Amino acid sequence: VGPAGAFAQALRCACDLSTAPWIYLCEDDQTGYHGLPSPRLRGLIDEVERFEREIPGLPVGGVLASGRSLDMRTGRTHPLRVSSSGVRLQEADFGPWWGALLSRRVVDEGVYPDENMFWWAEDLEFWLRVLAAGFRVLFDRVAHKSSRNKASSGEPWCGYYMARNQFYLRRRHGNFRWTILHSLKTARRFQLASSRAHRVAIVRGFADGLLGRTGRNPEFSR
């Protein structure tokens, strides 16, 4: 079911089994590529509760271990500019699953990862809907300092979903500028592709994106 479907099912299971107000998200493909401080969670939850008391506003929906920002005009993402203040928590647009703390209130509102995404940008789409549902998304500067991202897009099948899913994202959250930028980036990925299998996957993904196809494509998976 891919990470989108797996996290959706895991969140339903967690909420069936527990009434805990926070859910901690882990992701296996980041194991060994970051060193989060430990112990971490009890102090982090205390910080979130203090943040909500001292900075009134929307409730906190999640706290990321690594944050990024999104230009809603173009769909371009950027590394988050870390504040120079001494505050531990800072607002962000989205980030990866690993090391993220998710509020139970988000799930209670019916916000789950979209299984139609299968793989690639499913975390971005999820956090955008968390924001749209009326929550704040923060990131933990202490964790951010010790984290290192690992790209996982080197296999040919990955190129299919990278080319396809941006169309789905644009239809739900963006505008025509997202498609223009995505088309240019896809052409560049095609140019730099290291094999025919990569190029075929990119072309098929782009075409299926234009046609509105979603979900897992059995021709493109591990």
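This is a predicted model: local features need pLDDT of at least 70, side-chain atom pairs count only at pLDDT 80 or more; totals for chains, interfaces and linings use all residues.

Tutor: The buried residues of helix 4 are E122, D123, L124, E125, F126, W127, L128, R129 and V130.

Student: How many of the residues of helix 4 are buried, out of what total?

Tutor: Nine of the 11 residues are buried, so helix 4 is largely enclosed by the rest of the structure.

Student: How far apart are the C-alpha atoms of A133 and E109?

Tutor: They are separated by 7.8 Å, although A133 and E109 are 24 residues apart along the chain.

Student: What is the phi of A121?

Tutor: A121 also has a positive phi, near 65 degrees, and is not a glycine. Its place is in the loop between helix 3 and helix 4.

Student: Buried or exposed: how does A121 count?

Tutor: A121 counts as buried, at 10% relative accessibility. W120, at 22%, counts as partly exposed, because the cut-off for buried is under 20% relative accessible area.

Student: Changing topic: at what angle do helix 7 and helix 8 pack?

Tutor: Helix 7 (residues 176-192) and helix 8 (residues 196-210) pack at an angle of about 160 degrees, and their axes are 9 Å apart. That makes helix 7 roughly antiparallel to helix 8, because angles over 145 degrees count as such. The crossing of helix 7 past helix 8 is left-handed.

Student: Which residues meet there?

Tutor: From helix 7, H182, S183, T186, R189 and F190 meet R199, I202, V203 and F206 of helix 8. Sorted by class, this contact has four nonpolar, three polar and two charged residues.

Student: What about H198: where is its place?

Tutor: H198 is in helix 8. H198 is buried, at a relative accessible area of 15%.

Student: Which residues does H198 touch, leaving out those up to four places away in sequence?

Tutor: With those left out, H198 touches G154, E155, P156 and A193.

Student: Now the whole chain. How many helices and strands are there?

Tutor: The chain has eight helices and seven strands. Its radius of gyration is 18 Å, close to the 17 Å that the globule rule gives for 222 residues, so the chain is as compact as a globular protein of that length.

Student: What box do the C-alpha atoms fill?

Tutor: Taken along the principal axes, the box is roughly 50 × 40 × 35 Å.

Student: And what percentage of the residues of the chain count as buried?

Tutor: Of the 222 residues, 46% count as buried. As for contacts in the chain with a separation of 6 or more, residues 24 or more positions apart account for 78% of them.

Technical notes: Residues are numbered from 1 along each chain as its sequence is written. Side-chain values use heavy atoms; hydrogens and water are left out. Axes are lines fitted to C-alpha atoms, for helices over the stretch in contact, and angles run from 0 to 180 degrees between N-to-C directions. Helices (H or I, at least four residues) and strands (E, at least two) are DSSP runs, numbered from the N terminus. Angles under 35 degrees count as roughly parallel, over 145 as roughly antiparallel, 65 to 115 as roughly perpendicular and the rest as oblique. A crossing is left-handed if the near helix is turned anticlockwise from the far one by less than a right angle, and right-handed if clockwise. Contact means heavy atoms within 4.5 Å. Ala, Val, Leu, Ile, Met, Phe, Trp, Tyr, Cys and Pro count as nonpolar, Asp, Glu, Lys and Arg as charged, and the others, Gly among them, as polar. The radius of gyration is taken over C-alpha atoms; the globule rule is 2.2 Å times the number of residues to the power 0.38. Buried means under 20% relative accessible area, exposed over 50%, partly exposed in between (1.4 Å probe, protein chains only).
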